[in-house]
Amino acid sequence: MTSRTVLITGAGIGIGRATATAFGRAGYRVMVTDILEDEGRSVAEAICASGGTAEFRHLDVTSSAACDAAVRDIEHRFGGIDCIVNNAGIAHKVPLGELSDEKWDRTFDIDLKGMMRLVRAAAPGMKAARSGSIVCLSSIMGVAYGWDEHVHYSAAKSGVVGLVRGLAVELASSGIRVNGVAPGYIRTAQALSEEHSLGPAGLEAAASFIPMGRVGEPEDIADVIVFLASDAARYLTGQTITVDGGLLVGRY
Ligand SMILES: NC(=O)c1ccc[n+]([C@@H]2O[C@H](COP(=O)([O-])OP(=O)(O)OC[C@H]3O[C@@H](n4cnc5c(N)ncnc54)[C@H](O)[C@@H]3O)[C@@H](O)[C@H]2O)c1
């Protein structure tokens, strides 16, 4: 029986897709949202084909109007939103000398402000229900490492940690929990990009200095997100959990 509704941003591929699939398996009604129409639709179809409940909705997190409308529509049709996973993100490689205001703003608009937009829209409904859970994707590049030629990304992902803390305190008395996940090196399009990140060879090389001896898979992150959203994490709020196979604690 479908009891809870989760909205996931950027859920057509990568960590978002794995997260949508994991929530589907856990019995949630999954609102798969993305700017990637075909990918998002196929994720929703796959969840339904395996007995779950899901639908796709186009959602660009840079639009306040679209975020507001998505939340209103879901609340109207299903009685509320139980969980939001703020996953959508971009990580473009831009050396400082080429980091225009527009490029900086674009990353912040998606990676940080987009998260605030959805929480702002959903908070009144969650407050009325006196229940809700929000999970935001940071990065090891936001909690510990500096990433050269990605300072806008590192800054935005550090901002996610502050967003999580501030929201957690502001919303705790309303029964709403807010947490973050900071993934290490995860095998997705983002990390596999030669242009913007490690690329396939760089990712495989990273496995040699990760204590657990392997790069992460999207499912490794998805399962932690589902845990943070669940009642098993009922006393946990304001934290950003690093999920990196021991990378940060193992490098010295
Ligand atoms: N892969 C990694 O190693 C890694 C490490 C640390 C953090 N992360 C973070 O995890 C999250 C997911 O990363 P991923 O590796 O799956 O990335 P990905 O590039 O595979 O997927 C990102 C998703 O975000 C969506 N998106 C981009 N702009 C959007 C917009 N304006 N509105 C709505 N959706 C938009 C994309 O369409 C895509 O579905 C991101 O926030 C990323 O920064 C990833």
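**Helix packing and sheet order in a predicted model**

Tutor: This model is predicted. In H1, residues Gly 14, Ile 15, Ala 18, Thr 19, Ala 22 and Phe 23 meet Pro 218, Glu 219, Ile 221, Ala 222, Asp 223, Ile 225, Val 226 and Ala 229 of H9. By class, this contact has 10 nonpolar, 2 polar and 2 charged residues.

Student: Why are H1 and H9 called oblique to each other?

Tutor: Helix H1 (residues 14–25) and helix H9 (residues 218–229) pack at about 50 degrees. Roughly parallel needs an angle under 35 degrees, and roughly perpendicular runs from 65 to 115. The pair is therefore oblique. The axes lie 8 Å apart, and H1 passes H9 in a right-handed crossing.

Student: What makes E3 and E7 edge strands?

Tutor: Strand E3 (53–58) and strand E7 (240–243) each pair on one side only. The open sheet has 7 strands in the order E3-E2-E1-E4-E5-E6-E7, with parallel pairing. Its twist averages 20 degrees from one strand to the next.

Student: How do you know that E2 and E3 pair?

Tutor: Pairing requires at least two bridges. Strand E2 (residues 29–34) and E3 have 6, in the parallel sense. Met 31, for instance, has Glu 55 in E3 as its bridge partner.

Student: Which strands does H6 lie across, and at what angle does H6 run to E6?

Tutor: Helix H6 (residues 151–172) lies across strand E5 (132–137), strand E6 (176–183) and E7. H6 runs at about 165 degrees to E6. Helix H2 (residues 37–49) lies across E2 and E3, at about 170 degrees to E3.

How values were computed:
Residues numbered from 1 in each chain as written. Predicted model: local features only at pLDDT ≥ 70, side-chain atom pairs only at ≥ 80, totals over all residues. Heavy atoms only, no water. Axes fitted to C-alpha atoms, helices over the stretch in contact; angles between N-to-C directions. Helix = DSSP H or I, 4+ residues; strand = E, 2+ residues; numbered from the N terminus. Parallel < 35°, antiparallel > 145°, perpendicular 65-115°, else oblique. Left-handed = near helix turned anticlockwise from the far one by under 90°. Contact = heavy atoms within 4.5 Å. Nonpolar A, V, L, I, M, F, W, Y, C, P; charged D, E, K, R; others polar.
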